[in-house]
Amino acid sequence: MATYDKGRAVTADLREARTSSGGALLTLLEPHLPLIRDGARQGDRDGAFPAEVFGRLREGGVLGATVPAELGGLGVSSLHDVCLALTTVAEADASTALALHMQLSRGLTLTHEWRHGDARARALAERLLRGMGSGEAVVCTTVKDAGGGRVVTRLRPAPDGGWLLSGRKTLASMAPIATDFVVSARVEVAGVTRSAAAVLPRDTPGLTVLDDWDGLGMRASGSVDILLEDCPVRLEDVFLRGPLGERDDAALAGQTVSSITMLGIYVGVAQAARDLVVAELTRRAGAPAAGVRALLAEIEARLHALRTTVAGTLSAADHLAYEFDGDPLERGRRMMFDFQRAKMMVNRLAPETVADCVTVIGGASYAGSHPLARLYRDVRAGAFMHPFTYPDAVEWLSEAALGGPKD
């Protein structure tokens, strides 16, 4: 028979670390949470990136958490534990958690390159990882082209035998403090258009970090645009991928590892909203009205569904992420299928949870200065995070359920 233990769940739940390194990361984060929480309101109002917070996280070793211990990091490899860390930070401020995700996820994916890539990829990954582990490197990854895809970021051959990179990237969270950028681009190699990821130091000629982020939510995440004008890139500083547009289901595994831990951010936002409501109801005189109690019960149920759904999905992802004996195509499809089902539920349940919290508090939460106003806007960002947005997720999941693409 299940037992009640002060909020701790007997079933899978996103509350406790599963590895010693994950527990160590939570310990490192703990002293920084008050500063993160205290600065959240003003950061949201001003749209200002919390540079002081990240300076302290950098000094405290948090930004090297997912770097292997051999390269100077904490060695956190559990997706569950990274997700839990982001949930914990998001309860204090979602913008900070989103920016932190950029660094922690790069540690995970670069570690895979270091362990399993070709010689050039291993060398490039090791250089970045050592910098992250020592606290010297803060790595921002930019994927989305600006202008709704009308501006295409491209690598082209340079006269000196390297590359020149031109384009414009958008939604580059954490860019205000990044020392290095991993930029997704297209490149022609032997007559074939391929995907690539170019690595550029911040001081690269032609690279400009703009100050143009003015989002509805996640306003302190520093999700600015990056302008790239004939930026020189060395041959050895490019990760080459497969042909553009060619379906490669094996690559879905890497995309899942890179993005699945973000689900914890929106669990953290929902938890923060719930805690605000419970604290307010506790302060009020008298018993809550029946309608309020009904909403509170719905909030509790949704939050439980969020935590258990994400924790269960992460358990499967942690197993498959380090399982290389089976069919790599099937592995990638399975990881993405699980991820997208969980993401669709999070993108539905987390906003509904916060919306119910707004209803419970009433008109006071409609003021811009109220914490729930920030949470209400921040939680909506989950729907726009790749992979996938809702239309693409519907197509992908329904296709997978029906047995794959049809002729």
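Visitor: Does F337 count as buried, partly exposed or exposed, and what is its relative accessibility?

Guide: The model is predicted, so local features need pLDDT of at least 70 and side-chain atom pairs count only at pLDDT 80 or more, while totals for chains, interfaces and linings use all residues. Residues are numbered from 1 along each chain as its sequence is written, and side-chain values use heavy atoms, with hydrogens and water left out. Buried means under 20% relative accessible area, exposed over 50%, and partly exposed in between (1.4 Å probe, protein chains only). F337 therefore counts as partly exposed, at a relative accessibility of 22%.

Visitor: How many aromatic pairs does the structure hold?

Guide: Rings of Phe, Tyr and Trp (its six-membered ring) pair if their centres lie within 6.5 Å; planes under 30 degrees apart count as stacked, over 60 as edge-to-face and the rest as tilted. By this criterion the number of aromatic pairs in the structure is 3.

Visitor: What is the geometry of the pair formed by F337 and W396, and how many residues apart in sequence are the parts that it ties together?

Guide: The pair of F337 and W396 is tilted, at 6.5 Å centre to centre and 40° between the planes. Helices here are DSSP runs (H or I, at least four residues), numbered from the N terminus. Because F337 lies in helix α10 (residues 328-361) and W396 in helix α12 (residues 390-401), the pair ties together parts whose separation in sequence is 59 residues.

Visitor: Which residues do ring pairs link into a cluster?

Guide: W396 also forms a tilted pair with F388, at 6.2 Å centre to centre and 35° between the planes. Both F388 and W396 are buried, W396 having 13% relative accessibility. The cluster linked by ring pairs consists of F337, F388 and W396.

Visitor: Where does T389 lie, and between which elements?

Guide: At 18% relative accessibility, T389 counts as buried. Leaving aside neighbours within four places in sequence, T389 is in contact (heavy atoms within 4.5 Å) with A383 and F384. Its place is the loop between α11 (371-378) and α12.

Visitor: At what angle do α4 and α8 pack, and how far apart are their axes?

Guide: Axes are lines fitted to C-alpha atoms, for helices over the stretch in contact, and angles run from 0 to 180 degrees between N-to-C directions. Residues of α4 in this contact include C83, L86 and A90, which meet α8 residues, among them I265, V267 and A272. For helix α4 (residues 79-92) and helix α8 (residues 263-283), the angle is about 40° and the axes are 7 Å apart.

Visitor: What are the angle and axis distance for α4 with α9?

Guide: On the α4 side the contact is made by L79, H80, C83, T87 and E91. Partners in α9 include R307, V310 and L314. α4 and helix α9 (residues 290-321) pack at about 145°, with an axis distance of 8 Å.

Visitor: Which backbone nitrogen does the side chain of S95 reach, and at what distance?

Guide: S95 is in helix α5 (residues 94-116) and counts as buried at 3% relative accessibility. Apart from neighbours within four places in sequence, S95 is in contact with M218, R219, A220 and S221. Its side chain reaches the backbone nitrogen of A220, at 3.2 Å.

Visitor: How far apart in space are G23 and D81, C-alpha to C-alpha?

Guide: G23 is found in helix α1 (residues 20-29) and is partly exposed, with a relative accessible area of 23%. G23 and D81 are 58 residues apart in sequence, and their C-alpha separation in space is 7.7 Å.

Conventions
Helix = DSSP H or I, 4+ residues; strand = E, 2+ residues; numbered from the N terminus. Polar contact = N/O pair within 3.5 Å; in protein donor to acceptor, adjacent residues only side chain to side chain.
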